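The sequence and structure come first.

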Amino acid sequence: PNAAHLSLAARPDISNVTQNTDDLLTRAGAADLVQVHGDITRDRCHAGCGYTEPVDMHEPAEHRMCPDCQRDGLRPDVIWFGEGLDMATWQRAETACVHCDTLLVVGTSAVVHPAAGLIEMAKAAGAAIVIVNPDRSAASPLADVELAPVDDHRVLDVLLHDPLRVHVDLRLLPERAPARLVPAPRGQLGLLLARRGLFHRLLHRLPLQGSQLALRLPELLQF
């Protein structure tokens, strides 16, 4: 797991809904995790009897019959293209997104459906949409706050964890310059924003002195 996985897992009040089939969030310690497309580190009965078992990813076993029902073989416990989602898992994902206050969208192109539709669902239910991404995506028009492109996994740690405040340097940079961590006063973490639109909204609504201020994420969402 990298710094982003660890930052998300360290917040027990966050429900993590992911399209990824790896176990990185699990190994990071995420307690509330919904894997919409399944878990590649687990095998299940292809006949659907309900049997599952963990997979040694360093030495995965060869094809074998289900030891419980003996009706079919075991297969990776993931959703292949063309297969339907597990409806109980999908319901958990929908519930998490419809009832959240803020939906943090991280590292996705937002073009794979139906998972990408969760962003629209949360937006329609009144959630604030915060996007942290390596580049702009299909979800960009839905964003209340977008940090893109971002090239540093530690940005999530800056945004998620109190009592540290986000020390924002609002120097007007080229629109597609990446959001980066920058030096900040002691006791704060720094984030360099390159979003012209956010700069101008802050400029008109805050009595800025120079180009720097400190905000927590809920305050940042007001703009």
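**Note on the predicted model**

1. An open sheet is built from three antiparallel strands in the order 4-3-5; two strands pair here if DSSP finds at least two bridges between them. Because strand 4 (52-54) and strand 5 (74-78) each have a single partner strand, they stand at the edges, and one side of each is left without a neighbour in the sheet. From one strand to the next, the twist averages 40°; angles run from 0 to 180 degrees between N-to-C directions, and axes are lines fitted to C-alpha atoms, for helices over the stretch in contact. Strands of a sheet pair through backbone hydrogen bonds, either parallel or antiparallel.

2. This is a predicted model, in which local features need pLDDT of at least 70 and side-chain atom pairs count only at pLDDT 80 or more, while totals for chains, interfaces and linings use all residues. Residues are numbered from 1 along each chain as its sequence is written, and side-chain values use heavy atoms, with hydrogens and water left out.

3. Strand 3 (residues 38-45) and strand 5 run antiparallel and are joined by five bridges. Within this pairing, R44 stands opposite R75, and C45 stands opposite L74. Four of the five residues of strand 5 are buried, leaving the strand mostly covered; buried means under 20% relative accessible area, exposed over 50%, and partly exposed in between (1.4 Å probe, protein chains only).

4. For the protein as a whole, the secondary structure comes to seven helices and eleven strands. Helices (H or I, at least four residues) and strands (E, at least two) are DSSP runs, numbered from the N terminus. The protein has 223 residues, of which 41% count as buried. Among contacts with a separation of 6 or more, 50% are between residues 24 or more positions apart; contact means heavy atoms within 4.5 Å.

5. How do helix 3 and helix 4 cross? The axes of helix 3 (residues 87-98) and helix 4 (residues 117-124) come within 8 Å, at an angle of roughly 40°. That angle makes helix 3 oblique to helix 4; angles under 35 degrees count as roughly parallel, over 145 as roughly antiparallel, 65 to 115 as roughly perpendicular and the rest as oblique. The crossing is right-handed, the near helix being turned clockwise from the far one by less than a right angle.

6. In this contact, W90, A93, E94, C97 and V98 of helix 3 meet L118, M121 and A122 of helix 4. The contact residues divide into seven nonpolar, no polar and one charged. Ala, Val, Leu, Ile, Met, Phe, Trp, Tyr, Cys and Pro count as nonpolar, Asp, Glu, Lys and Arg as charged, and the others, Gly among them, as polar.

7. Which residues of helix 4 are buried? They are G117, L118, I119 and A122. Their cover includes strand 1, helix 3, strand 6 (102-106) and strand 7 (128-132). After helix 4 comes G126, with a positive phi near 100°.

8. N16 lies in strand 1 (residues 16-18) and counts as buried, at 7% relative accessibility. Neighbours within four places in sequence aside, N16 is in contact with L8, L25, A30, D32, L33 and V34.

9. A9 belongs to helix 1 (residues 3-9) and is buried, with a relative accessible area of 12%. Not counting residues up to four places away in sequence, A9 touches A28, G29 and A30. The C-alpha atoms of A9 and A31 are separated by 7.1 Å, although these residues are 22 apart along the chain.
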